[in-house]
Amino acid sequence: MAMRLQLVAGVEVLEEWADSATQAERNVLYEALFAIGDGSVFLIYDVFGDPDDISNFIILVKADLMVKINVQRAESAFEILYVGTLDDDASVAIPEIAAEVEVDIDEG
């Protein structure tokens, strides 16, 4: 059974990213956020756990766009921590994820 989650924090992170994003980028990210909310994100997107914090997840929205969230299971909620590319934030650019993404891109 999928867990439904409500966005409770991180809207300012989303708004800051959206200021410089194209309409197409905003559209695909908003679709991913809806998938997070309705619990279908694990069926549609590549989702990676954060080895440093088991409540954080990195969702690869498309090859050059990702969102990092914190899931608060007890509250059925999530928070947006980061939106951008793997290269934008060194703390988010986990080498294993970057390597796997490159493999997926090369295969596609």
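How many residues lie between β3 and β4 in the hairpin that they form? In this predicted model, in which residues are numbered from 1 along each chain as its sequence is written, local features need pLDDT of at least 70 and side-chain atom pairs count only at pLDDT 80 or more, while totals for chains, interfaces and linings use all residues. Side-chain values use heavy atoms, with hydrogens and water left out. The hairpin of β3 and β4 has two residues between its strands, where strands (E, at least two residues) and helices (H or I, at least four residues) are DSSP runs numbered from the N terminus.

Five strands form an open sheet of mixed pairing, in the order β1-β5-β4-β3-β2, two strands being paired if DSSP finds at least two bridges between them. Because β1 (6-9) and β2 (46-50) stand at the edges with a single partner strand each, one side of each is left without a neighbour in the sheet. From one strand to the next the twist averages 35°. Strands β3 (residues 53-62) and β4 (residues 65-72) run antiparallel and are joined by six bridges, and Asn56 has Asn70 in β4 as its bridge partner. Strands β2 and β3 also run antiparallel, joined by five bridges, and form a hairpin with two residues between them. Within β3, Phe57 stands opposite Gly49, and Phe57 also stands opposite Ile69 in β4.

A search of the whole structure finds one aromatic pair, rings of Phe, Tyr and Trp (its six-membered ring) being paired if their centres lie within 6.5 Å, with planes under 30 degrees apart counted as stacked, over 60 as edge-to-face and the rest as tilted. The pair is edge-to-face because the rings of Phe42 and Phe57 have their centres 5.9 Å apart and their planes at 90°. Since Phe42 lies in helix α3 (residues 41-44) and Phe57 in strand β3, the pair ties together parts that are 15 residues apart in sequence.

Helices α1 and α2 (residues 23-38) pack at an angle of about 160°, with their axes 11 Å apart; axes are lines fitted to C-alpha atoms, for helices over the stretch in contact, and angles run from 0 to 180 degrees between N-to-C directions. The contact (heavy atoms within 4.5 Å) is made by Leu14, Trp17 and Ala18 of α1 and by Glu25, Arg26, Leu29, Tyr30 and Leu33 of α2.
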